[in-house]
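Here is a short tour of a chain for anyone who likes to check surface and geometry values by eye. Keep the viewer open as you read.

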Amino acid sequence: MIKFFRSIRKKFLSQGRTGKYFQYAIGEIILVVIGILIALQINNWNDGRKDRIVEKEYLNSLVTDLNEDINKISFALNGNVKLVEGLEALLDLI
């Protein structure tokens, strides 16, 4: 592909058609810029996809931790309720 573009460039310059050469050069620059922009867009899309995967992992971890905390709080609350009931029974005896 590079040989093809090189031959076009040499042909324009050897024929003395600098105007056509500049049009060709500008077109080639525009194609390169478009290619770079497409590559950047694909890279941004891929980074966003990876970020969403990490975000889902964090959210799942957060839900798991919250469920564990709820279970621990429920266990502590039940223990405290039994302790209060025992203390009330002890007060009744006194």
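Helices (H or I, at least four residues) and strands (E, at least two) are taken as DSSP runs and numbered from the N terminus. By that rule the chain has two helices and zero strands, and helix H2 covers residues 18–93. This is a predicted model, in which local features need pLDDT of at least 70 and side-chain atom pairs count only at pLDDT 80 or more, while totals for chains, interfaces and linings use all residues. Residues are numbered from 1 along each chain as its sequence is written, and side-chain values use heavy atoms, with hydrogens and water left out.

**Overall form**

Along the principal axes, the C-alpha atoms fill a box of roughly 115 × 20 × 10 Å. The radius of gyration (over C-alpha atoms) is 36 Å, whereas a compact globule of 94 residues would have one near 12 Å; the globule rule is 2.2 Å times the number of residues to the power 0.38.

| Pair | Apart in sequence | Apart in space |
|---|---|---|
| Glu-55 and Lys-82 | 27 residues | 41 Å |
| Leu-91 and Ile-29 | 62 residues | 90 Å |

**Exposure**

Accessible areas come from the Shrake-Rupley method with a 1.4 Å probe, and for residues only the protein chains shown count as cover. The chain exposes about 8,600 Å², with carbon and sulfur atoms supplying 66% of it. Buried means under 20% relative accessible area, exposed over 50%, and partly exposed in between. Of the 94 residues, 4% count as buried. Leu-91, in helix H2, is exposed because its relative accessible area is 61%. Glu-55, also placed in helix H2, has 45% and therefore counts as partly exposed.

**Patches and charges**

Patches are made of residues with over 30% relative accessible area and no salt bridge; like charges are joined within 9 Å, and nonpolar side chains (Val, Leu, Ile, Met, Phe, Trp, Tyr) within 5 Å. A salt bridge here is a side-chain nitrogen of Lys or Arg within 4 Å of a carboxyl oxygen of Asp or Glu.

Ile-26, Ile-30, Ile-34, Ile-38, Ile-42 and Trp-45 make a nonpolar surface patch of about 630 Å². Trp-45 lies in helix H2 and counts as exposed because its relative accessibility is 54%.

Lys and Arg count as positive and Asp and Glu as negative, leaving out His and the chain ends; each charge is placed at NZ of Lys, CZ of Arg, CG of Asp or CD of Glu. Arg-49, Lys-50, Arg-52 and Lys-56 gather in a positive surface patch. Lys-50 sits in helix H2 and is partly exposed, with a relative accessible area of 44%. Across the chain, the mean positions of the 13 positive and 11 negative charges are 37 Å apart.

Technical notes. Buried < 20%, exposed > 50% of the residue type's maximum accessible area, 1.4 Å probe, protein only.
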